[in-house]
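Hi everyone, thanks for coming. Could you put the structure up on the screen, please, so that we can walk through it together?

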Amino acid sequence: MRRLKKEIKDKAVIIDLLNTCHVGRLGTIGKDGYPMVKPLNFAYHDGKIYFHTAKEGEKIEDIKRDNRVCFEVDLPIAYLKAKNQPCEADYLYRSVIIKGRAYIIEDKDEKLFGLKCLMQKYQPLGGYGDYLEEKLRITGIVRIDIEEMVGKEDLGKDEQREAVLKAFEDKVQLPIVLE
């Protein structure tokens, strides 16, 4: 990381970001050699990322060809208004970038575990019933084993940082606009 002062050193903050962000972006190497990025729902558990997918398609083909992947999440926190010139405008954020290897899961128990992680994140109150065998057969689950994970943040200068941390504490809808 070029700007070390922006690195998130507290792993709990990084994990919280992974657990609260609803959309992640998967980067694969496309068949033409160009990077491909796809937004998707995901769940983090114990050093791994799980996501569901169709059992066929570009993502799956890319992973089968080369399972090295990159995964990214970000949280827009605040926009700072420019007062005198456009260059004063700023954007406060937190983000995580992961490098790892993706594996298509065929084992029924691990598939169920991945789906359980996803449902706990996206429908934590339950009430969704059991998994049907026919649906399990046609649903793909991919696990990313994390090899490298780096968090980065810009929470602003002192007075802005106070407002940002208060917004987190008060569970204010993000992003906010700061003067």
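I'll go through aromatic pairs, a cysteine, some salt bridges, the nonpolar cores and a few strands. Please keep in mind that this is a predicted model.

Let's begin with the aromatic rings. How many aromatic pairs does a search of the whole structure find? The search gives 3. One of them is F42 with F71, an edge-to-face pair with 5.0 Å from centre to centre and 70 degrees between the planes. If you trace the chain, this pair links distant parts of it, 29 residues apart. F42 sits in the loop between β3 and β4, residues 35–40 and 43–45, while F71 belongs to strand β6, residues 68–80. And are F42 and F71 buried or exposed? Both F42 and F71 are buried.

Another pair to find on your screen is Y50 with F113. This pair is edge-to-face too, with 5.8 Å between the centres and an angle of 75 degrees between the planes. Here the partners are 63 residues apart: Y50 in strand β5, residues 48–54, and F113 in helix α3, residues 108–122. Why do we call Y50 buried? Because its relative accessibility is 3%, and the cut-off for buried is under 20%. F113 has a relative accessible area of 30%, so it is partly exposed.

Let's go back to F42 for a moment. Which residue lies over the face of F42? That is K121, at 3.5 Å from the ring centre.

K121 and F42 also turn up around a cysteine, C21. You'll find C21 in the loop between α1, residues 11–20, and β2, residues 24–29. Its relative accessible area is 6%, so C21 is buried. Leaving aside residues up to four places away in sequence, C21 touches F42, V73, D74, L75, K121 and Y122. Take L75 from that list: C21 and L75 are 54 residues apart along the chain, yet their C-alpha atoms are separated by 6.9 Å.

Now for the charged side chains. As a reminder, side chains of opposite charge can pair when their charged atoms come close. Over the whole structure, a search finds 11 salt bridges. One of them joins E7 and K9, with 3.5 Å between the closest N and O atoms. E7 is partly exposed because its relative accessibility is 28%, and K9 is exposed because its relative accessible area is 65%.

Next, please zoom in on R25. E72 forms a salt bridge with R25, and their closest N and O atoms are 3.1 Å apart. That links strand β6, where E72 sits, to strand β2, where R25 sits, across 47 residues. D74 meets R25 in a salt bridge as well, at 3.1 Å from N to O. D74 is also in strand β6, and 49 residues separate it from R25 in the chain. Put together, R25, E72 and D74 are linked in a network of salt bridges. How accessible are they? E72 counts as buried because it has 18% relative accessibility. R25, at 30%, is partly exposed, and D74, at 25%, is partly exposed.

Let's turn to the nonpolar side. In soluble globular proteins, nonpolar side chains tend to be buried together. Here the largest nonpolar core has 21 residues, and L18, F42, I49, F51, F71, V73 and I144 touch the most other members. Which elements each supply at least two residues of this core? They are α1, β5, α2 (58–65), β6, β7 (90–105) and β8 (139–154).

Finally, let's follow β5 and its partners. β4 and β5 pair in the antiparallel sense over 3 bridges.

Technical notes:
Residues are numbered from 1 along each chain as its sequence is written. This is a predicted model: local features need pLDDT of at least 70, side-chain atom pairs count only at pLDDT 80 or more; totals for chains, interfaces and linings use all residues. Side-chain values use heavy atoms; hydrogens and water are left out. Rings of Phe, Tyr and Trp (its six-membered ring) pair if their centres lie within 6.5 Å; planes under 30 degrees apart count as stacked, over 60 as edge-to-face and the rest as tilted. Helices (H or I, at least four residues) and strands (E, at least two) are DSSP runs, numbered from the N terminus. Buried means under 20% relative accessible area, exposed over 50%, partly exposed in between (1.4 Å probe, protein chains only). A charge sits over a ring if NZ of Lys or CZ of Arg is within 6 Å of the ring centre and within 35 degrees of the ring normal. Contact means heavy atoms within 4.5 Å. A salt bridge is a side-chain nitrogen of Lys or Arg within 4 Å of a carboxyl oxygen of Asp or Glu. A nonpolar core is a set of buried Ala, Val, Leu, Ile, Met, Phe, Trp, Tyr and Cys residues joined through side-chain atoms within 4.5 Å. Two strands pair if DSSP finds at least two bridges between them.
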